Amino acid sequence: MITPKERIIVALDFRSVREARDMSNRLKGRVGVFKIGMELVYSGGLELAVELVEGGDQVFLDLKLLDIGHTVMQATKAVARLGVSFLTVHAVDEKTMTAAVEGRGDSALKLLGVTVMTNLDIDDLKQQGIAEHSPSQLAIKRAQMAANCGFEGVITSGHEASAIRDTIGADKLIITPGIRPAGADIGDQSRVMTPARALSAGADYLVIGRPITQADDPVAAVEAIAAQIEVGA
Ligand code: C5P
């Protein structure tokens, strides 16, 4: 049985590896997964990813891959060799995703499809020439495509989690960012959800950054979130 704390993926969004390492040391063994995104990767974060893997932690590399199939395949192969647990790929077409599945091979790397970036609205989609879908309809369509291609799961807003769960079934992972504990400052996120609500909408894991990493006491923040999950706040 997976515990509430194991469902927490902490976004290590820091400018320097030193700060990210300090935070991971404080939270080691208290959360499920550490997420390393592009900002940190371009500042030496891959070394930290390997360090965390070697220390027994689960790592999520949020690289949001999108390129020609051959490049995506080779990049995924390289990421799989690092021993990380999760990698994101844009879920925009089957060619990209089948290339990632090929690159992952028989490694334990789990592939997660990024459905629709939550900062895009219907006008942004029109600008891209996508006229026939609202962001949430498009997210559902792309989640289905990711599942069909053999991805283990998808990244999506908590607001689409329930519809996507109905579409892709119980055995795929749904991972939701935009999480704010009850009563917390929402910062620059607009469509936020509490941890307990996102889990009850069908999420398996919650990506949480600032509510934990910018807290005066990050360990206490994790404990408080886990307690809220337990009581369904
Ligand atoms: O600090 P906060 O909890 O808002 O961090 C959210 C994390 O989730 C960041 O790493 C951000 O890049 C990521 N994310 C997001 N919304 C998406 C996709 C990813 O906030 N749609």
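**Exercise 1. An aromatic cluster**

Does Phe-86 count as buried or exposed, and at what relative accessibility?

*Solution.* The model is a predicted one.

Step 1. The relative accessibility of Phe-86 is 1%, so Phe-86 counts as buried, the cut-off being under 20%.

Step 2. Two aromatic pairs are found when the whole structure is searched. In one of them, the ring centres of Phe-60 and Phe-86 lie 5.9 Å apart and the planes stand at 40°. Planes under 30 degrees apart would be stacked and planes over 60 edge-to-face; the pair of Phe-60 and Phe-86 is therefore tilted. This pair joins distant parts of the chain, with Phe-60 in strand β3 (residues 58–65) and Phe-86 in strand β4 (residues 86–90), 26 residues apart.

Step 3. For Phe-86 and Tyr-205 the centres are 5.8 Å apart and the planes are at 70°, so this pair is edge-to-face. Here too distant parts of the chain are linked: Phe-86 belongs to strand β4 and Tyr-205 to strand β8 (residues 205–208), 119 residues apart.

Step 4. Through these ring pairs, Phe-60, Phe-86 and Tyr-205 form a cluster. Phe-60 counts as buried because its relative accessibility is 1%, and Tyr-205 counts as buried because its value is 11%.

**Exercise 2. Two helix pairs**

At what angle do helices α6 and α7 pack, and how far apart are their axes?

*Solution.* 

Step 1. Helix α6 (residues 135–149) packs on helix α7 (residues 158–168) at about 35°, and the axes are 9 Å apart. Their crossing is right-handed.

Step 2. From α6, the residues in contact are Ser-136, Ala-139, Ile-140, Ala-143, Gln-144 and Ala-147; from α7 they are Glu-160, Ala-163, Ile-164, Thr-167 and Ile-168. Sorted by class, the contact of α6 with α7 comprises seven nonpolar, three polar and one charged residues.

Step 3. Helix α3 (residues 69–82) and helix α4 (residues 94–104) pack at an angle of about 35°, with 7 Å between their axes. The crossing of α3 with α4 is right-handed.

Step 4. On the α3 side, Gly-69, Val-72, Met-73, Thr-76, Lys-77 and Ala-80 take part, and they meet Thr-96, Ala-99, Ala-100, Glu-102, Gly-103 and Arg-104 of α4. The contact of α3 with α4 holds five nonpolar, four polar and three charged residues.

**Exercise 3. Individual residues in their surroundings**

Which residues does Asp-204 contact, leaving aside its neighbours within four places in sequence?

*Solution.* 

Step 1. Asp-204 is placed in the loop between α8 (195–200) and β8. With a relative accessibility of 17%, Asp-204 counts as buried, because buried means under 20%. Beyond its sequence neighbours within four places, Asp-204 is in contact with Arg-7, Arg-165, Lys-172, Leu-173, Ile-174 and Leu-199. Between the C-alpha atoms of Asp-204 and Ala-224, which are 20 residues apart along the chain, the separation is 19 Å.

Step 2. Ile-229 is part of helix α10 (residues 218–231), and its relative accessibility of 14% means that Ile-229 counts as buried. Residues up to four places away in sequence not being counted, Ile-229 touches Pro-4, Pro-195, Ala-196, Leu-199 and Leu-206. By contrast, Ile-36 is 193 residues from Ile-229 in sequence and 24 Å from it in space, C-alpha to C-alpha.

Step 3. Thr-213 is in helix α9 (residues 210–213), and with a relative accessible area of 9% it is buried. Apart from neighbours within four places in sequence, Thr-213 has contacts with Val-10, Ala-11, Phe-14 and Met-23.

Step 4. Lys-64 lies in strand β3. Although Lys-64 is not a glycine, it has a positive phi of about 45°. Its relative accessibility is 24%, so Lys-64 counts as partly exposed.

Key
Residues are numbered from 1 along each chain as its sequence is written. This is a predicted model: local features need pLDDT of at least 70, side-chain atom pairs count only at pLDDT 80 or more; totals for chains, interfaces and linings use all residues. Side-chain values use heavy atoms; hydrogens and water are left out. Axes are lines fitted to C-alpha atoms, for helices over the stretch in contact, and angles run from 0 to 180 degrees between N-to-C directions. Helices (H or I, at least four residues) and strands (E, at least two) are DSSP runs, numbered from the N terminus. A crossing is left-handed if the near helix is turned anticlockwise from the far one by less than a right angle, and right-handed if clockwise. Contact means heavy atoms within 4.5 Å. Ala, Val, Leu, Ile, Met, Phe, Trp, Tyr, Cys and Pro count as nonpolar, Asp, Glu, Lys and Arg as charged, and the others, Gly among them, as polar. Buried means under 20% relative accessible area, exposed over 50%, partly exposed in between (1.4 Å probe, protein chains only). Rings of Phe, Tyr and Trp (its six-membered ring) pair if their centres lie within 6.5 Å; planes under 30 degrees apart count as stacked, over 60 as edge-to-face and the rest as tilted.
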